[in-house]
Amino acid sequence: MKHGKKYIDSVKAIDSAKLYDAAEGINAVLESAKAKFDETIELHVRLGVDPKQADQQVRGVLVLPNGTGKTVKVLVLAKGAKADEAKEAGADYVGAEDMIQKIQSENWFDYDVIITTPDMMGLVGRIGKVLGPKGLMPNPKSGTVTMDVAKAIKDTKAGKVEYRLDKNAIIHCAIGKKSFGAEKIKENYDALMEAIIKAKPAAAKGLYLRSVSLASTMGPGVKIAAKI
C-alpha cells in the first residue's frame, strides 16, 4: 500500500522502537493526525488470554467520560409504552414488526445501534443472521436488550462503547476525535484501560496486557508502555 507524504512525515516523527507513556503517546498521535477531517483516535490492546476459551472472554460496556465524538443513530424495537418512552428519549427510529420487515425487505441499515426490549427478541431473532455479521444484534451483556430503553438510549448517545476481544485476542476501540485534545483523550483512555484491567478473567495466566497502542484514522501507531 502506497502512503502519502503526510503519513510518511508522521512515521518519521514516531520512534517505532520506543514505548511511550500514555500522555506522551497521545500527544504523538494527535500530532501525527494530519488529515483534513477530524480523525478518530483508536486504542488497540492485545491481551494474554485465549479468545477460544469461554472462561477467558473479555467484554464489557462503558460510557466514556467525554464520549466518542460520533453522532450515533439509534433504532429501538419496542411496542406500546416502551415505544413511546423511546421516542421521548430521543431514539432516531422506533418500531416493531414494521422495522423488522424494512430490514428484511430493503436491506436497511441506516442506524448504528439497535436497542430492544426482552419481549421483542423472538422477532429480532428472525433477522439475527443479517444483524450478527454487522455487529448490530442486540445483547443483554452490551445493555441493548433492556426494559430501561430511556437509559440505554441516553448512554448510547452519550458515548457508550462496547469493548470485546476479536479472534486474535485484541480489543479495538475508538476513544475520541482529534478535536477533543490531549486532556479529554487521556481521560477516555484511562477510563477504558481501567475497565479492561478490571475485566481480567480469573482463568487468565501470565502477562495480561501484552501490548497497547494508539493510532489516528490515517496516522501510524504509537506503542504505549502499559504492562500488568
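User: How many bridges join strand 1 to strand 8, and what makes the two a pair?

Analyst: Strand 1 (residues 40–47) and strand 8 (residues 209–216) are joined by 7 bridges and run antiparallel. Two strands pair if DSSP finds at least two bridges between them, so strand 1 and strand 8, with 7, count as paired. Strands are DSSP runs (E, at least two residues), as helices are (H or I, at least four), and both are numbered from the N terminus. This is a predicted model, in which local features need pLDDT of at least 70, side-chain atom pairs count only at pLDDT 80 or more, and totals for chains, interfaces and linings use all residues. Residues are numbered from 1 along each chain as its sequence is written, and side-chain values use heavy atoms, with hydrogens and water left out.

User: Which residues of strand 8 stand opposite Glu42 and Leu47?

Analyst: Glu42 faces Ala215, and Leu47 has Leu209 as its bridge partner.

User: How do you know that strand 8 and strand 9 pair?

Analyst: They share 3 bridges in the antiparallel sense, and the definition asks for at least two, so they pair. Ser213 is bridged to Lys223 in strand 9. The two strands form a hairpin, with 5 residues between them.

User: Why do strand 7 and strand 9 stand at the edges?

Analyst: The open sheet has 4 strands in the order 7-1-8-9, with antiparallel pairing. Strand 7 (170–177) and strand 9 (222–224) each have a single partner strand, so one side of each lacks a neighbour in the sheet. From one strand to the next, the twist averages 25 degrees.

User: What lies across strand 1, strand 7, strand 8 and strand 9?

Analyst: Helix 8 (residues 182–198) does, running at about 155 degrees to strand 7. Angles run from 0 to 180 degrees between N-to-C directions, with axes fitted to C-alpha atoms, for helices over the stretch in contact (heavy atoms within 4.5 Å).
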